[in-house]
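Dear colleague,

Please find below the sequence and structure that I am handing over to you. A summary of what was found follows directly after them.

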Amino acid sequence: MTYRPLITGTGVFTPPHIITNAELVTAFNAYAALYNSEHSAEIDAGTRNAIAPSSEEFILKASGIEQRFVMDKAGILDPHVMHPLFRQRSDDEPSLMAEMALDAALKALDAAGKTPDDVDAVICAASNLERAYPAVAIEIQKLLGVNGFAFDMNVACSSATFGIQLASDMIRSGSIKSALIVNPEICSAHLEWRDRDCHFIFGDVATATFIERDSAANVAGFEILSTRCATDFSNNIRNNNGFLRRSRPDGVIDRRDMQFMQNGRKVFKEVLPMVSTHIADHLEQMAVAPDMLRRLWLHQANKSMNDFIGRKVLGRVPTSAEQPNILQDYANTSSAGSIIAFSQNSADLCGGDHGLICSFGAGYSVGSVLVQRRS
Ligand code: COA
């Protein structure tokens, strides 16, 4: 016997602080001025490069991002700090990721008309995990009061869609009846705010997706018709911070490659064809013609990238209703981006309508989830 998996609820936890592009650029330029004056002798002697200022116009034009939500604003905007500052938590308190995920998870369960008693598994799928172990997912399981099991996984920006594939396959096979996939993304803590090439890219958020077998659903929901995941190794998005750091002679923490690094241009050029082909192949294998797609909920990294993919997939320029972007408000929230887009832009679909959630990013990785609205 096989079961059909449905997404019956999603939830979004939005952090309390907003940083606009204007605030971001003011802080960065203050940091650059401090740095340049501190190192003026070397800069004048030509032995060190001065830091060039950032600009609001560039950020909006290059990315489409207008603002981002963050868990701490003061540290990021302090030119003497330039990263978030969180209070020390004791091991007896909920961790920050667990707290954010809990909020999103409860919203997802509420949307599905379910309680933690109805959850069989919790998957915490995120691009960075707060600690090595115990799994953040198991802590979330405990905070929710869920029986069953939980585990963490990381496929960077594709963590959510890969998690959805795992959960929906487990539901299909009958090993579980339901799962919560949570994506707490504290991107502000691994972004290098002192690098103008990328300081505007990320924001913080947590999302949750509740998936259950159709016979148990209280709401219509979206049937997961199929999922496809693909990976292809690349160093063009990389973060070298890892547990071997202390064991190596060059294991300095505050080094550029211990935060997010990317070769943005190359990512742009290489990931676009990978994603467009991946979606086209997935649709073809499922005999869903592009014009049958009512909506594309894409990863939210860059507006031009999404415009390009939308055009390639549909064979024409998609309307903003067909391919909604949320990156102007949230920036790139790694694995959570396509789930925010889905959560905030799916209620109007009618029974029978098809849509596709697609993530892509470091790895490289790409994951697509083909759904159909139930009536
Ligand atoms: N303010 C002003 N100028 C800036 C700037 C800033 N904040 N950051 C970079 N510039 C400058 C660069 O130095 C460069 O100057 P030059 O032409 O004199 O060398 C110029 O603007 C263009 O920079 P470039 O990095 O080539 O811009 P871009 O058009 O490629 O846009 C990204 C940058 C990152 C927005 C874009 O490459 C991108 O989105 N790539 C894909 C990223 C992605 O999806 N990553 C996945 C992460 S999960």
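The protein, which is a predicted model, carries 34 positive and 43 negative side chains. The centres of these two sets are 4 Å apart.

R213 belongs to strand β7, which covers residues 204–213. The side chain of R213 has no salt bridge, although the residue is buried. For R213, the nearest side chain of opposite charge is that of D120, at a distance of 6.7 Å; a salt bridge would require a side-chain nitrogen within 4 Å of a carboxyl oxygen.

As for the overall fold, the secondary structure consists of 11 helices and 13 strands. The protein is as compact as a globular protein of its length, because its radius of gyration, 21 Å, is close to the 21 Å given by the globule rule for 375 residues. Along the principal axes, the C-alpha atoms occupy a box of roughly 75 × 55 × 35 Å.

Among contacts with a separation of 6 or more, 77% are made by residues 24 or more positions apart. The accessible surface amounts to about 16,600 Å², and carbon and sulfur atoms contribute 52% of this area.

With kind regards

Key: Residues numbered from 1 in each chain as written. Predicted model: local features only at pLDDT ≥ 70, side-chain atom pairs only at ≥ 80, totals over all residues. Heavy atoms only, no water. Helix = DSSP H or I, 4+ residues; strand = E, 2+ residues; numbered from the N terminus. Rg over C-alpha atoms; globule rule 2.2 N^0.38 Å. Contact = heavy atoms within 4.5 Å. Areas by Shrake-Rupley, 256 points an atom, 1.4 Å probe, with all protein chains shown as cover. Lys, Arg positive; Asp, Glu negative; His and termini not counted. Charge placed at Lys NZ, Arg CZ, Asp CG, Glu CD. Buried < 20%, exposed > 50% of the residue type's maximum accessible area, 1.4 Å probe, protein only.
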